[in-house]
Amino acid sequence: MTTSSTHHDAAPSAPLKTTILERFAREVAKYPEAGKQSAVMACLAIVQQDEGHVSLQREREIAEYLGMAPIAVHEVTTFYNMYNQHPVGKFKLNVCTNLPCQLRDGVTALVHLEKKLGIKMGETTADGLFTLQQSECLGACADSPVMLVNDRTMCSFMSNEKLDQLIEGLRGSTKGEAA
């Protein structure tokens, strides 16, 4: 069983927590009043850090807080890979599939991961551990194929063997954790 990557809201979430609004205020304070919309990326990151993803409802709340049109916030959320628009697995794997990486086995790496994890690009494994995504250029073309784990760790020269080692290592890192 896998989960799809469609972006929708289920039941409405509770209002934003006071602690989140306080963090928003600290970010907005960094800008002149007329430029408070410049805090949009920080506000999106705060919500994602707290909830694991940014729902449409949260986009609308951020828009209202910053005095922006909701579509303007949505454009930011959908432009950057770092914002999850739906719940993702514990490990988000972004594989670069831009042309330089394609020419150096980027698609091969993506297909290998799809087979190994039993999911397609854009899906999450049934155990909730892995979400597989393609990404735009990660800026390491000479090291391709490359991928980014959880938006933080760059992995280069990812042969099938190295991909297998990475997956097993990530799985092993969760042993002993409560499910």
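Reader: Why is Met82 called partly exposed?

Author: Met82 has 33% relative accessibility. Buried means under 20% relative accessible area, exposed means over 50%, and partly exposed is in between, with a 1.4 Å probe and protein chains only. Since 33% falls in between, Met82 counts as partly exposed. Bear in mind that this is a predicted model, where local features need pLDDT of at least 70, side-chain atom pairs count only at pLDDT 80 or more, and totals for chains, interfaces and linings use all residues. Residues are numbered from 1 along each chain as its sequence is written, and side-chain values use heavy atoms, with hydrogens and water left out.

Reader: Where is Met82 placed?

Author: Met82 is in the loop between helix 4 (70-79) and strand 1 (91-96). Helices here are DSSP runs of H or I with at least four residues, strands are runs of E with at least two, and numbering goes from the N terminus. By that count the protein has 7 helices and 4 strands, in the order α-α-α-α-β-α-α-β-β-β-α.

Reader: What makes Met41, Phe79, Tyr80 and Met82 a nonpolar patch?

Author: Patch members need over 30% relative accessible area and no salt bridge; nonpolar side chains (Val, Leu, Ile, Met, Phe, Trp, Tyr) are joined within 5 Å, like charges within 9 Å. Met82, at 33%, passes the area cut-off. Together the four have about 380 Å² of accessible area, computed by the Shrake-Rupley method with a 1.4 Å probe, with only the protein chains shown as cover.

Reader: Which residues are closest to the centre of the largest pocket?

Author: The largest pocket has a volume of about 420 Å³. Of its 15 lining residues, Gln48, Gln49, Met82, Asp151 and Arg152 are closest to the centre. A pocket is an open set of points on a 1 Å grid over the protein atoms alone, with protein on both sides within 12 Å along at least five of seven lines, and lining residues have an atom within 4 Å of a point. The volume is the space filled by probe spheres set on the points, which are joined across faces, edges and corners. Helix 2 (residues 40-51) gives the most to this lining, with 4 residues.

Reader: How do you know that Glu61 and Arg58 form a salt bridge?

Author: The rule is a side-chain nitrogen of Lys or Arg within 4 Å of a carboxyl oxygen of Asp or Glu. The closest N and O atoms of Glu61 and Arg58 are 2.6 Å apart, so the pair qualifies. They're 3 residues apart in helix 3 (residues 56-66), about one helical turn.

Reader: And is Arg58 buried or exposed?

Author: Buried: its relative accessibility is 4%, and the limit is under 20%.

Reader: What makes Lys116 part of a network?

Author: Shared partners. Lys116 meets Asp164 at 3.8 Å, N to O, and that pair links helix 6 (residues 106-117) with helix 7 (residues 160-173), 48 residues apart. Lys116 also meets Glu168 at 3.4 Å, this time 52 residues apart. Both distances are within 4 Å, so both pairs count as salt bridges. Salt bridges with shared partners join Lys116, Asp164, Glu168 and Arg171 into one network.

Notes: 1 Å grid on protein atoms, 1.4 Å probe; cavity = no way out; pocket = protein on both sides within 12 Å on 5 of 7 lines; lining within 4 Å.
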